[in-house]
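Subject: The structure you asked about

Hi,

Here is the structure to look at before we next talk. Have it open while you read, and my notes follow below.

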Amino acid sequence: MRELPVTRLSGIPPTIFGEMSALAAATGAINLGQGFPDEDGPAAVLARAAEALGNGANQYPPPFGIPALRRAVADHQFRHYGIELDPDSQVLVTTGATEAVAAAMLALVEPGDEVVVFEPYYDSYAAMIRMSGGVRRTVTLAAPGFRLDVDALRAAITPRTRVLLLNTPHNPTGTVLDQDELAAIATVAVEHDLVIVSDEVYEHLTFGAAHVPIATLPGMAERTVTISSLGKSYSLTGWKVGWATGPERLVRAVHSAKQWLTYVSGAPLQPAAAFALDELPDWPAGLAVELRRKRDLLCAGLASAGLRPSVPQGTYFAMTDVAVLGWDDGDAFCRELPHRAGVVAIPVRGFYDSDAGRTLVRWAFCKRDAVLTEATDRLAAADLRPGRPARP
Ligand code: PMP
Ligand code: GLN
């Protein structure tokens with residue numbers, strides 16, 4: 001049989017998240033790998049979706065999304081950030097933030113264009129840059145602080161750079177870019193006439209550090225596509241309702257690709273998403289308070305197990321370096337961990353082009369307290385050093 005023509009994706013490994021969830025299921029381990037909460041979002045939102053299913057919201061919705069959701073997204077951007085958007089021309093509903101990122105890359109990147117991303121990068125970015133024919137250039141957020149090195153950003157820009165694919169709050173490091181970092185990025189973007197694609201899915205899940213959308217900085221609105229989704233803010237990660245917002249010309253460009261990916265996004269979830277944004281605008285802030293406590297619980301537990309977590313300012317995740325336990329490969333550590341301790345975590349070395357992530361491991365804390373406590377008790381009780389036998 002002929003070899004399959006996967007040239008566009010050669011060198012891009014399959015997504016690690018599904019693989020590690022499968023490992024957790026196969027071994028019965030506690031899954032602190034893939035980032036999804038183990039408690040569902042607001043019951044009123046679930047009820048609204050069920051109602052929409054029963055009330056005929058089951059055929060193709062309009063290409064840019066139902067008017068109520070486009071208006072709710074525009075209102076959300078204004079309520080939280082003072083960003084004014086025309087719901088009819090500046091908001092596009094997508095199938096999760098994932099599709100918004102995919103469509104943005106396909107629409108805005110020409111073959112050979114360079115796209116700058118921070119590493120560790122979210123895995124779909126690498127795949128989508130590749131599928132667009134773009135070339136990835138990375139800027140390392142160096143452990144343990146994971147802050148932006150502005151000189152490294154400048155050094156990554158070339159005459160071929162077209163897009164800066166930003167993510168703040170940042171998965172997997174938990175870094176929330178501050179005003180100075182954002183201002184430096186904005187300066188670089190103007191100097192080199194870059195388009196910014198800003199993935200802000202964790203916008204509400206911050207723990208004291210304010211999330212600032214880069215589109216609010218001077219000169220940025222006209223060159224930024226801002227992306228978010230319902231999944232993280234409302235603990236509905238399986239819903240895959242997302243959106244891209246920005247100037248009409250960029251949103252139209254993103255739509256030009258989106259229409260060929262999915263044409264439109266799931267109809268019955270859109271009224272429920274609009275309901276969540278309109279009627280429960282404070283729900284995500286309550287979730288962030290809960291998550292902050294869970295972050296502290298997990299980080300204390302990791303510290304007791306001999307790991308030294310970098311305490312994140314946002315997201316679902318904390319990072320550790322398993323070199324402190326003697327490991328020289330985080331991937332090997334994570335594959336062994338369910339057998340040693342009955343816990344699953346995510347190795348992030350695959351989210352780096354450089355070697356800087358070789359021993360870094362990510363842990364999710366979007367779980368019930370009892371689950372976090374049980375997981376960290378297991379870690380503390382296990383022998384986590386390399387070359388030890390699996391638990392009896
Ligand atoms: N971007 C980042 C940084 C993420 O962590 C995730 C994870 N869920 C996504 C995008 C995807 O979001 P969605 O489920 O809305 O597609
Ligand atoms: N965003 C989730 C994470 O980082 C995973 C989503 C996915 O599996 N693609 O864990």
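This is a predicted model: local features need pLDDT of at least 70, side-chain atom pairs count only at pLDDT 80 or more; totals for chains, interfaces and linings use all residues.

First, a term you will need: a residue is near a molecule when one of its heavy atoms lies within 4 Å of it. Residues are numbered from 1 along each chain as its sequence is written, chains are lettered from A and ligands numbered from 1 in the order in which they are written, and side-chain values use heavy atoms, with hydrogens and water left out.

**Ligand 1**

Which residues come nearest to ligand 1? There are 13 residues around the ligand, and Thr98, Asp199, Tyr202, Ser229 and Lys232 come nearest. By class, that shell has five nonpolar, five polar and three charged residues. (Ala, Val, Leu, Ile, Met, Phe, Trp, Tyr, Cys and Pro count as nonpolar, Asp, Glu, Lys and Arg as charged, and the others, Gly among them, as polar.) Helix H4, residues 96–108, gives the most to the shell, with three residues. Helices here are DSSP runs of H or I with at least four residues, strands are runs of E with at least two, and both are numbered from the N terminus.

Now for polar contacts, meaning pairs of N or O atoms within 3.5 Å. An N or O atom in the side chain of Thr98 is 2.5 Å from an oxygen atom of ligand 1. For Asn171, a polar side-chain atom lies 2.8 Å from an oxygen atom of ligand 1, and for Ala97 a polar backbone atom is 2.9 Å from one. Taken alone, ligand 1 exposes 390 Å², and the protein buries 93% of that (areas come from the Shrake-Rupley method with a 1.4 Å probe).

**Ligand 2**

Around ligand 2 you will find Phe17, Gln34, Gly35, Tyr122, Asn171, Tyr202, Phe317 and Arg362. Their classes are four nonpolar, three polar and one charged. An oxygen atom of ligand 2 is 2.6 Å from an N or O atom in the side chain of Arg362, and an oxygen atom of ligand 2 is 2.7 Å from one in the side chain of Gln34. Tyr122 has a polar side-chain atom 3.2 Å from a nitrogen atom of the ligand. On its own, ligand 2 has 300 Å² of accessible area, and the protein covers 79% of it.

**The largest pocket**

The largest pocket holds about 910 Å³ of space. It is lined by 43 residues, with Thr15, Phe17, Tyr122, Asp123 and Ser124 closest to its centre. Helix H5 (123–131) gives the most to this lining, with five residues.

**The largest cavity**

The largest cavity has a volume of about 40 Å³, and its lining has eight nonpolar, two polar and no charged residues.

Cheers

Methods:
A polar contact is a pair of N or O atoms within 3.5 Å; within protein, one must be able to donate a hydrogen and the other to accept it, and residues adjacent in sequence count only if both atoms are side-chain atoms. On a 1 Å grid over the protein atoms alone, a cavity is a set of points where a 1.4 Å probe fits but cannot get out, and a pocket is an open set with protein on both sides within 12 Å along at least five of seven lines; lining residues have an atom within 4 Å of a point. Grid points are joined across faces, edges and corners, and a volume is the space filled by probe spheres set on the points.
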